[in-house]
Amino acid sequence: FTNLNAATLAKRTEIIAAIRETMLREGDDLARQAWQETGLGRYEDKVIKNRLVTEKTPGTEALRPETTTGDHGLTLMEWAPFGVIGAITPTTNPTSTIICNSIGMLAAGNSVVFNVHPGAASCSMATVRLINQAIVSVGGPANLVTAIAQPTIESATELMHHKGINLLVVTGGPGVVKAAMKSGKRSVSAGPGNPPAVVDETADIAKAGRDIVTGASFDNNVICVDEKQVFVVASVADELLKQMRANGAYLVDQSELRRLEKVIFDVFPGPRSHGTINKKWVGKNADVILAEIGVRVGPEVRLVIADVPEDHPLVWSEQLMPVLPVVRVPDVNRAIDLAKE
């Protein structure tokens, strides 16, 4: 068949299984391509990202029909596709976003046109080719997943306004998300994130220290849902910092912090303001960033931590690098208030 709408749900299930099988086989190589092309993050973490979305993205099993009966009769609800989806993907998570999007979109009966980030075009195109090969290998239609060969801002704008596109799915920075929301089309958009972790005196401090370092250093913090700052109750702050240092974090002193600020920020703002980040250091390893300020550490150091006041720009800026501000607060209520803010 040449039309996904003509396929049974069982056939779609077979297509998704083929994509998962292919991505489990090729995902490690795609992770390496993404790491080499973008220069962002860590290869071994990109492997985990690709495996995660391959195995855990919901497929056709999420599309079960639902029925409701009552005094006024029977209602049957079935999920219908949008049609052709226009998707925009980032340089931070290029291959994993395409895998995740494709599985969910195709399972629901849609096709997709990607405008990928120009800085990750090669690894993104490789991912699209492999997905199509997997689809065709089990008798599915060719070119269900496509991508603009030479993606630009202009091509993304054209995609957003094309009359054949029924839904936009956008993963990227604030500019592209804002453009999608103004396109007049239905849009599912994921923009930048600056998520906090709150640690109070009831926490398992050893586990908190270990888990926060693992999360904040994962893929060198280029993922928007990685921990970006910590608010910790003062009575357990020293112990948390100790546990973080025991798990691969380096705590800068005040003179090192001043030098670090000059490296991270192109424009260092006032209190509680988002600074202009120096993109040269986005996604780089912690030991590489520390070397720039004259601190020599081994590759076992995965995260830089800084003990700062609550109004420090590091707290209010998404850096997309393994640098984590830690703020001492008097009690958990203050921590939660700051986290919400």
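# Sheets, helices and cysteines

Colleague: In which order do the strands of the open sheet that holds S14 run?
Modeller: This is a predicted model, where local features need pLDDT of at least 70, side-chain atom pairs count only at pLDDT 80 or more, and totals for chains, interfaces and linings use all residues. Residues are numbered from 1 along each chain as its sequence is written, and side-chain values use heavy atoms, with hydrogens and water left out. The sheet has 5 strands with parallel pairing, in the order S8-S9-S14-S13-S10.

Colleague: Which strands stand at its edges?
Modeller: Strands are DSSP runs (E, at least two residues), as are helices (H or I, at least four), numbered from the N terminus. Two strands pair if DSSP finds at least two bridges between them. An edge strand has a single partner, so one of its sides is left without a neighbour in the sheet. That applies to S8 (196-199) and S10 (249-251).

Colleague: By how much are neighbouring strands of this sheet turned against each other on average?
Modeller: Axes are lines fitted to C-alpha atoms, for helices over the stretch in contact, and angles run from 0 to 180 degrees between N-to-C directions. For this average, direction is ignored. The value is 25°.

Colleague: Which residue of S14 is the bridge partner of isoleucine 305?
Modeller: S13 (303-307) and S14 (323-329) run parallel, joined by 4 bridges. Valine 304 stands opposite valine 323. For isoleucine 305, the partner is leucine 324.

Colleague: And which residue of S14 is the bridge partner of valine 230?
Modeller: Strand S9 (229-233) runs parallel to S14, and 4 bridges join them. The partner of valine 230 is valine 326.

Colleague: How many residues of S14 are buried?
Modeller: Buried means under 20% relative accessible area, exposed over 50%, partly exposed in between (1.4 Å probe, protein chains only). S14 is mostly covered. The count is 6 of 7.

Colleague: Which strands does helix H9 lie across?
Modeller: Contact here means heavy atoms within 4.5 Å. H9 covers residues 254-264 and runs at about 120° to S13. The strands it lies across are S10, S13 and S14.

Colleague: What is the strand order in the open sheet that contains S3?
Modeller: This sheet has 5 strands with parallel pairing. S5 (145-147) and S7 (187-190) have a single partner strand each, so they stand at the edges. The twist averages 15° from one strand to the next. The order is S5-S4-S3-S6-S7.

Colleague: Which residue of S6 is the bridge partner of glycine 86?
Modeller: S3 (84-88) and S6 (167-171) pair in the parallel sense over 4 bridges. The partner of glycine 86 is leucine 168.

Colleague: What angle does H3 make with S4?
Modeller: H3 packs on the sheet and touches S3, S4, S5 and S6. Its direction and that of S4 make about 160°.

Colleague: Is glycine 109 buried or exposed?
Modeller: Glycine 109 sits in the loop between H3 (94-107) and strand S4 (111-115). Setting aside residues up to four places away in sequence, it touches Leu4, Asn5, Arg12 and Pro81. Its relative accessibility is 8%, so glycine 109 counts as buried.

Colleague: How many disulfides are there?
Modeller: A disulfide is a pair of cysteine sulfur atoms within 2.5 Å. The sulfur of cysteine 100 has its closest cysteine sulfur in cysteine 224, at 14 Å, which is too far for a bond. Cysteine 100 is partly exposed at 30% relative accessibility, and cysteine 224 is partly exposed at 26%. The disulfide count is 0.

Colleague: How does H7 lie relative to H8: parallel, antiparallel, perpendicular or oblique?
Modeller: H7 (205-217) and H8 (237-246) pack at about 50°, their axes 8 Å apart. Angles under 35 degrees count as roughly parallel, over 145 as roughly antiparallel, 65 to 115 as roughly perpendicular and the rest as oblique. H7 is therefore, relative to H8, oblique.

Colleague: Which residues of H8 make that contact?
Modeller: On the H7 side are Ile205, Ala206, Ala208, Gly209, Ile212 and Val213. From H8 come Glu239, Leu240, Gln243 and Met244.
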